[in-house]
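Visitor: Please take one part of this model and go through it closely. Keep it brisk, and spell out the cut-offs as you go.

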Amino acid sequence: MVNLTMNKKKLSLGIDTSNYKTSVAVTASDGKILFNFQEFLNVKSGERGLRQSEALFQHVQKLPPAIKQAFDAEGVRDNIGAVSVSSRPRPVEGSYMPVFTAGLGAAEMISSALGIPLYRFSHQEGHIEAVKHYSPMAGTNRLICFHFSGGTTEAILFDESEGIFEIVGGSLDLAYGQVLDRTGVALGFDFPCGQDVDRLAICSSDDASYDIKNNLTKIKVRDGFVNLSGIETQCQRIIKEHTMSPEALSAELMGVLSRSVLDMTLFLAEKYSVDSFLYAGGVSCSEYLRGYLKKTLPDNIQTAFGRPELSSDNAVGVSLLGGRKIWL
């Protein structure tokens, strides 16, 4: 329970309506999470995603009860001092997806009704803050953050003191999450299914050796960037021809993807003289990836992963970002 008589600073309400999840969160000035609602949108079995129009409609249905739950949480209703929202995918000019208008519309109504300020951030900034705020790198000014999700694979050079937020690596075609989801759906799992592929990989790698076989081609890193469509094509062919078991394919896929993350990390560490790396986004929840990097990265490179519930899509990060505006 939060003692609001002792903590007179107002609470921050955050809203995020991403491609596949509706999220609402409330945070306090000490970083305590008072409310954290996350619910996946419904995707039909066998489908590999949702149309933007369908996702937008589901957000509109899910947001009102989620926001009501937030306001009904103990100590919240009369203490909201700001509302923050993910209004676009990335903090760059022209970044736009219709799904974010659902959250933005709700945030604008709350701001107007309560007479409190509204702050807009990007989905990507929220991802980074949700992990960084609770990590040993919370006070680190210069670092590289990998954002791995269903639609994004980017490495971002982040320097708060210099105001730098620059993409320095990532994928030039498919995202890691897309490869995992498309492979998982082909294996018979329901979307999103990165966790299912990860589970199979862990089960078939119980010796923790992380040895990579030779059925899939190694992913090459060129100046910090990779291409992943070829690996996805190989996986689809293997599944169609039944040349590997689901467990073996999952383990090898996670192996080559994790090796590419390692290679990108090492390349970027040397190129930009950075030794602090943050890993955010749903794919960063992978138990296989975390174990692989822990085993293979040199000791001079510091890494931080978020708690699983703060690594996947959530509204905690944007709530914290908005809270900064009123807590200073």
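Guide: Strand 6 (residues 142–148) pairs with strand 7 in the antiparallel sense, over seven bridges. Strands here are DSSP runs of E with at least two residues, helices are runs of H or I with at least four, and both are numbered from the N terminus. Two strands count as paired if DSSP finds at least two bridges between them. The model is predicted, so local features need pLDDT of at least 70 and side-chain atom pairs count only at pLDDT 80 or more, while totals for chains, interfaces and linings use all residues. Residues are numbered from 1 along each chain as its sequence is written, and side-chain values use heavy atoms, with hydrogens and water left out.

Four residues make the hairpin link from strand 6 to strand 7. Across this pair, Ile144 stands opposite Leu157 of strand 7. On its other pairing, strand 7 meets strand 8 (residues 164–171), again in the antiparallel sense, over six bridges. There Asp159 stands opposite Ile164 of strand 8. The hairpin of strand 7 and strand 8 has four residues between the strands, and its Gly163 takes a positive phi near 70°.

Now the burial of strand 7. Seven of the seven residues of strand 7 (residues 153–159) are buried, so the strand is largely enclosed by the rest of the structure. Buried means under 20% relative accessible area, exposed means over 50%, and partly exposed lies in between, with a 1.4 Å probe and protein chains only. Thr153, Ala155, Leu157 and Asp159 point one way from strand 7. Glu154, Ile156 and Phe158 point the other way.

Ile144 leads on to the core. The largest nonpolar core has 43 residues, and Ile144, Tyr176, Leu253 and Phe277 have the most contacts inside it. Such a core is a set of buried Ala, Val, Leu, Ile, Met, Phe, Trp, Tyr and Cys residues joined through side-chain atoms within 4.5 Å. Strand 6 and strand 7 are among the elements that give two or more residues to this core, as are helix 4 (176–186), helix 5 (194–203) and helix 7 (246–272). Helix 7 gives the largest share, twelve residues.

Take Leu253 next. Leaving out residues up to four places away in sequence, Leu253 touches Val179, Leu180, Thr183, Val197, Leu216, Ile231 and Cys235. Contact means heavy atoms within 4.5 Å. Apart from this core lies another, of 25 residues, among them Leu11, Ala102, Ala106 and Leu118.

Helix 5 and helix 7 also cross. Their axes come within 7 Å, at roughly 100°. That makes helix 5 roughly perpendicular to helix 7, a label for angles of 65 to 115 degrees. Axes are lines fitted to C-alpha atoms, for helices over the stretch in contact, and angles run from 0 to 180 degrees between N-to-C directions. From helix 5, Val197, Asp198, Leu200 and Ala201 meet Pro246, Glu247, Ser250, Ala251, Leu253 and Met254 of helix 7. This contact has seven nonpolar, one polar and two charged residues. For these classes, Ala, Val, Leu, Ile, Met, Phe, Trp, Tyr, Cys and Pro are nonpolar, Asp, Glu, Lys and Arg are charged, and the others, Gly among them, are polar.

Notes
Parallel < 35°, antiparallel > 145°, perpendicular 65-115°, else oblique.
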